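Take a look at the structure below before reading on. The paragraphs after it go through a few of its parts in turn.

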Amino acid sequence: MTTAETSTNDTINQDSDKSTLIIEGKPYEMPVYGGSIGPSVIDISRLYGQTGKFTYDPGFTSTASCESKITYIDGDEGVLLHRGYPIDQLADQGTFLETCYLLLYGDLPQKSQLDDFEKRITYHTMLHEQMHTFYRGFRRDAHPMAIMVGVVGALSAFYHDSTDINDPVQRDIASLRMIAKMPTIAAMAYKYSIGQPFVSPQNSLDYSANFLNMCFSVPAEDYKPNPVLSRAMDRIFILHADHEQNASTSTVRLAGSSGANPFACIAAGIACLWGPAHGGANEAALQMLEEIGSVDQIPEYIRRSKDKSDPFRLMGFGHRVYKNYDPRATVMQKTCHEVLDALDLKDEPLLQVAIELERIAREDEYFIEKKLYPNIDFYSGITLRALGFPPEMFTVLFALARTVGWIAQWREMIEDPSQRIGRPRQLYTGPTSRDFIPVDQR
Ligand code: CMC
């Protein structure tokens with residue numbers, strides 16, 4: 001930092017509804033807003049106008065970027081609520097489409113509302129026939145996430161009648177279309193990569209069974225989705241449905257703040273999710289368990305994960321927000337056992353490695369002191385592989401499930417009267433003004 005104009009004794013004194021920020025000895029009053037739960041926020045939106053200074057918060061670790069009523073996380077307590085409902089209750093007792101309704105409309109649906117919602121989703125699962133041609137433009141070995149980014153972005157070219165963001169009816173249709181079509185798009189990306197024919201959606205199947213059918217059935221024989229596996233798939237979708245203002249959700253909101261159409265915004269979210277620091281960790285956790293291979297190797301990997309000169313980290317452990325057990329990991333662990341039991345894979349060696357690794361790490365002073373607990377990705381890789389998905393599909397499944405969260409957050413933003421285009425500022429440390437010199441004189 002080249003200039004630090006703010007004196008070191010600058011302080012924030014907070015009372016119930018305002019804070020006084022003292023900069024260079026001069027006090028500035030900032031409003032403080034309390035949420036329904038969780039930390040309150042200091043409104044610094046007029047800071048620049050009043051003081052000529054910006055705040056500096058790379059990675060936004062202390063910045064609330066918006067007001068939201070959708071998802072609440074208490075990382076210290078290991079709590080995740082969607083519209084007030086704990087994630088474990090939604091996953092144990094609800095369905096993914098109920099969670100979708102809840103995220104989109106704010107309350108759990110009545111039976112008739114749920115029936116109607118399911119019908120509307122089912123009605124929108126097919127893709128425009130022309131999109132089949134679009135798929136054929138990709139190389140067969142394209143990563144399915146590359147296909148997802150391209151195909152979802154292309155939806156705006158196929159569904160012109162739902163791109164007017166100022167029309168609430170069009171916003172709703174675009175939302176339902178994306179939630180409905182995402183399993184079809186994802187399954188087609190998978191089928192294309194393995195050279196099998198696309199499978200049409202089946203209206204007689206529920207959301208998750210239909211997805212498994214589109215992924216795993218072939219014309220040569222009958223396929224009946226196993227109800228235990230369909231339920232597990234549904235629960236995995238619930239666990240990934242939303243997670244507050246994470247990187248991909250913030251990407252969707254930022255893209256949407258310019259007035260971009262919803263399909264383009266969700267494609268931007270998928271692009272962000274693709275990164276290994278966000279959606280790719282479940283694949284890395286599975287690779288790590290495979291690399292460890294057997295229980296007797298665990299102490300060596302625990303030792304390496306604590307060695308600062310070794311880049312190795314325990315994948316599926318630790319979280320930026322959760323400094324306690326990730327509540328999604330508890331459900332995922334249970335789901336993992338259910339899937340392996342249903343498939344008669346109870347003795348799966350990777351599961352034994354995972355269980356023992358978790359036990360040892362949770363008794364280890366290093367992990368206790370740094371509050372490193374298993375996160376959702378620790379057991380999801382084993383589970384998804386057992387369900388039959390290759391690792392390249394793991395992030396695709398995450399994108400499929402997270403689509404509803406992105407859409408709910410995008411809608412909330414569009415409906416917020418205080419919404420403005422997102423436009424962060426910067427601390428400039430480049431060259432100061434200088435004159436252009438023609439190339440022959442440089
Ligand atoms: N194994 C060993 N040490 C770790 C680990 C780990 N998995 N995670 C953090 N640490 C240590 C780290 O070395 C640091 O030690 P020190 O204070 O001595 O320098 C301390 O714990 C704090 O780590 P950090 O990197 O400053 O924490 P962060 O909040 O920036 O990173 C994280 C969070 C998730 C990126 C990190 O814990 C990590 O790399 N975990 C493994 C990857 C993983 O499982 N990611 C999936 C996250 S869940 C997905 C989702 O919710 O979308």
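The model is predicted. The ligand in it is surrounded by 18 residues, and the closest are Arg313, Leu314, Gly316, His319 and Lys370. By type, the residues of this shell divide into six nonpolar, six polar and six charged. For His319, the side-chain atom is 2.8 Å from an oxygen atom of the ligand. For Arg320, an oxygen atom of the ligand is 3.1 Å from an N or O atom of the side chain. Tyr366 pairs instead with a nitrogen atom of the ligand, at 2.9 Å from an N or O atom in its side chain. On its own the ligand has 940 Å² of accessible area, and the protein covers 71% of this.

The largest nonpolar core has 110 residues, and Phe211, Met233 and Phe389 have the most contacts inside it. Helix α18 (residues 394-415) gives the largest share of this core, 14 residues. Not counting residues up to four places away in sequence, Phe211 touches Met233 and Phe389, and also Pro183, Ala186, Ala187, Phe237, Leu397 and Leu400. A second, separate core has five residues, among them Leu21, Ile23, Tyr28 and Leu47.

Phe211 also belongs to the buried part of helix α8, together with Tyr207, Ser208, Ala209, Asn210, Leu212, Asn213, Met214 and Cys215. Helix α8 spans residues 207-216, and because nine of its ten residues are buried, it is largely enclosed by the rest of the structure. Which helices cover these buried residues? The cover includes α3 (96-105), α4 (111-123), α7 (168-194), α9 (227-239) and α18. At the start of α8, the backbone nitrogen of Ser208 has a side-chain oxygen of Asp206 within 3.2 Å.

The last stop is Thr51, in helix α1 (residues 47-51). Is Thr51 buried or exposed? Its relative accessible area is 18%, and buried means under 20%, so Thr51 counts as buried. The side chain of Thr51 has two polar contacts to backbone atoms listed here: the backbone oxygen of Leu47 at 2.7 Å, and the backbone nitrogen of Lys53 at 3.1 Å. Apart from neighbours within four places in sequence, Thr51 is in contact with Ile23 and Tyr28. Ile23, Tyr28 and Leu47 are among the residues of the second core.

Terms used:
Residues numbered from 1 in each chain as written. Predicted model: local features only at pLDDT ≥ 70, side-chain atom pairs only at ≥ 80, totals over all residues. Heavy atoms only, no water. Near = heavy atom within 4 Å. Polar contact = N/O pair within 3.5 Å; in protein donor to acceptor, adjacent residues only side chain to side chain. Areas by Shrake-Rupley, 256 points an atom, 1.4 Å probe, with all protein chains shown as cover. Nonpolar A, V, L, I, M, F, W, Y, C, P; charged D, E, K, R; others polar. Helix = DSSP H or I, 4+ residues; strand = E, 2+ residues; numbered from the N terminus. Buried < 20%, exposed > 50% of the residue type's maximum accessible area, 1.4 Å probe, protein only. Contact = heavy atoms within 4.5 Å. Core = buried A, V, L, I, M, F, W, Y, C linked by side-chain atoms within 4.5 Å.
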